[in-house]
Amino acid sequence: MSERIALGFCNNVDYEIVWNAEVLEELIASYQISADELGSQGEINSERELLVSILGFMAASGGGERFVASSAIIERFAARFEKKVTLGGTSVRAAIAMGVLGYTAALHLITMNSHVRRLLPPDCPYVCSNPRDSAYPHLIVQFGADARLRAGDIDIRASQPNRLIYHCNAARISMNLNEDFADLVAEARVLLISGFNAVQSKPVLADRLVKLKRILERLPSDAAVFMEDGAYYDPSYRQLIFRELGPRIDIYSMNEDELQVHLDRAVDLHDAQKVTCALSDLSRRMPAAGIVVHTRRWALAYGDDAKRYAAALKAGVTMATARFRYGDDFTEANYREIGARAPNAEGARFADTMNAAGGHSMVCVPVAAVEQGNGTTIGLGDAFVGGFLPALAFDSDFA
């Protein structure tokens with residue numbers, strides 16, 4: 001069985017905790033955390049360091065992904081809160097999102113357990129690279145706009161909603177591939193590459209890329225390869241990926257946080273000239289034919305003949321905004337309603353400026369106007385992918 005959309009290469013179980021300021025403030029006091037400690041450091045070796053990281057992100061109203069030394073830290077912290085168990089990983093969340101519109105995809109999984117069997121879209125064929133059941137939960141922390149924490153000398157308030165991801169996932173670190181996935185991509189029109197950001201060994205990554213290239217050889221020659229960025233354990237590993245896969249990547253996609261990490265500088269996302277300069281700099285650092293950037297106000301494609309991605313960008317931001325507005329259980333009717341909404345004014349002005357100046361190498365679409373302080377923030381990039389890829393694979397449906 002082959003599908004027109006193929007999604008790789010990882011999956012996981014998410015613990016989505018319910019925000020509880022009282023519990024967090026009690027922990028701040030218990031651990032005697034002070035304001036001068038706040039930061040979003042790299043590896044996290046204790047529950048205290050996990051909490052310091054969360055507070056640092058919240059103080060900056062930022063989002064991100066960090067590695068934790070032990071899953072036991074995640075289990076201990078999550079047990080303090082109400083939580084919902086969901087499936088994570090860009091490929092699986094994208095499949096769930098596109099399923100709302102009736103599209104299916106072939107999946108490559110790296111872990112299997114009772115939660116995966118229960119929640120996986122039943123009409124999506126898949127292979128798994130792990131012969132035994134395993135579970136390495138990811139902790140998902142979401143805070144809304146104006147969420148506030150006060151304890152000791154700490155008094156922080158978020159200015160916008162965002163999400164944080166913490167994990168210690170042995171399956172993602174080893175990132176084993178099942179080359180039987182090649183049988184499911186033989187007729188694909190588009191393939192998603194994601195999930196390699198957690199690998200912690202360059203020799204392991206090199207080996208996995210050799211196997212991935214063998215899978216790519218089974219793709220039709222005109223199939224589009226879409227790679228979604230992520231928070232890399234070692235950012236230098238991106239260069240190995242570019243060197244090995246660069247000529248085959250048609251679109252390299254990222255959110256606004258990842259854009260600024262790539263450039264190692266802040267970018268004013270409201271300033272069209274500065275964003276254009278950032279894209280020019282970025283294009284010199286990566287070999288992909290096209291670059292996609294998705295943000296809370298707009299999304300754009302940059303590169304040769306970028307305007308052909310206009311419908312896919314619109315579908316992507318519509319899917320992501322429907323998830324933000326209506327959560328896990330959004331429907332096709334919700335998607336259509338979001339698609340019919342007027343755009344946010346700031347994003348519309350930015351898109352008009354970018355489109356007027358960009359020629360055929362730029363296309364930008366604004367996000368629908370949805371003002372909501374407590375919207376769903378986890379999985380928005382995944383939902384964007386879940387809207388974008390069907391529009392590539394079935395372009396006549398989105399014309």
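In the predicted model, the side chains of arginine 336 and glutamate 332 meet in a salt bridge, with an N to O distance of 3.0 Å; a salt bridge is taken here as a side-chain nitrogen of Lys or Arg within 4 Å of a carboxyl oxygen of Asp or Glu. The two residues lie four residues apart in helix H12 (residues 332–340) and are therefore separated by about one helical turn; helices are DSSP runs of H or I with at least four residues, strands are runs of E with at least two, and both are numbered from the N terminus. Arginine 336 is partly exposed, at 47% relative accessibility, and glutamate 332 is likewise partly exposed, at 36%, where buried means under 20% relative accessible area, exposed over 50%, and partly exposed in between (1.4 Å probe, protein chains only).

The search of the whole structure finds 25 salt bridges. One of them joins the side chains of arginine 80 and glutamate 47 at 2.8 Å, N to O, and this pair links distant parts of the chain, 33 residues apart, with arginine 80 in the loop between helix H3 (71–78) and S4 and glutamate 47 in helix H2 (residues 47–60). Arginine 80 is partly exposed, with a relative accessible area of 35%, whereas glutamate 47 is buried, at 5%. A further salt bridge is formed by the side chains of arginine 189 and aspartate 222 (3.0 Å, N to O). Its partners also come from distant parts of the chain, arginine 189 from the loop between helix H6 (170–174) and strand S11 (190–193), and aspartate 222 from the loop between helix H7 (202–216) and strand S12 (224–228). Arginine 189 is partly exposed, with a relative accessible area of 26%.

The second largest pocket is lined by 25 residues, of which Ile96, Ala97, Leu119, Arg323 and Asp328 lie nearest its centre. Two or more lining residues come from each of strand S4 (83–88), helix H4 (90–99) and helix H14 (380–393), and H4 gives the largest share, five residues. A pocket is an open set of points, on a 1 Å grid over the protein atoms alone, where a 1.4 Å probe fits and protein lies on both sides within 12 Å along at least five of seven lines; lining residues have an atom within 4 Å of a point.

Residues are numbered from 1 along each chain as its sequence is written. Local features need pLDDT of at least 70 and side-chain atom pairs count only at pLDDT 80 or more, while totals for chains, interfaces and linings use all residues, and side-chain values use heavy atoms, with hydrogens and water left out.
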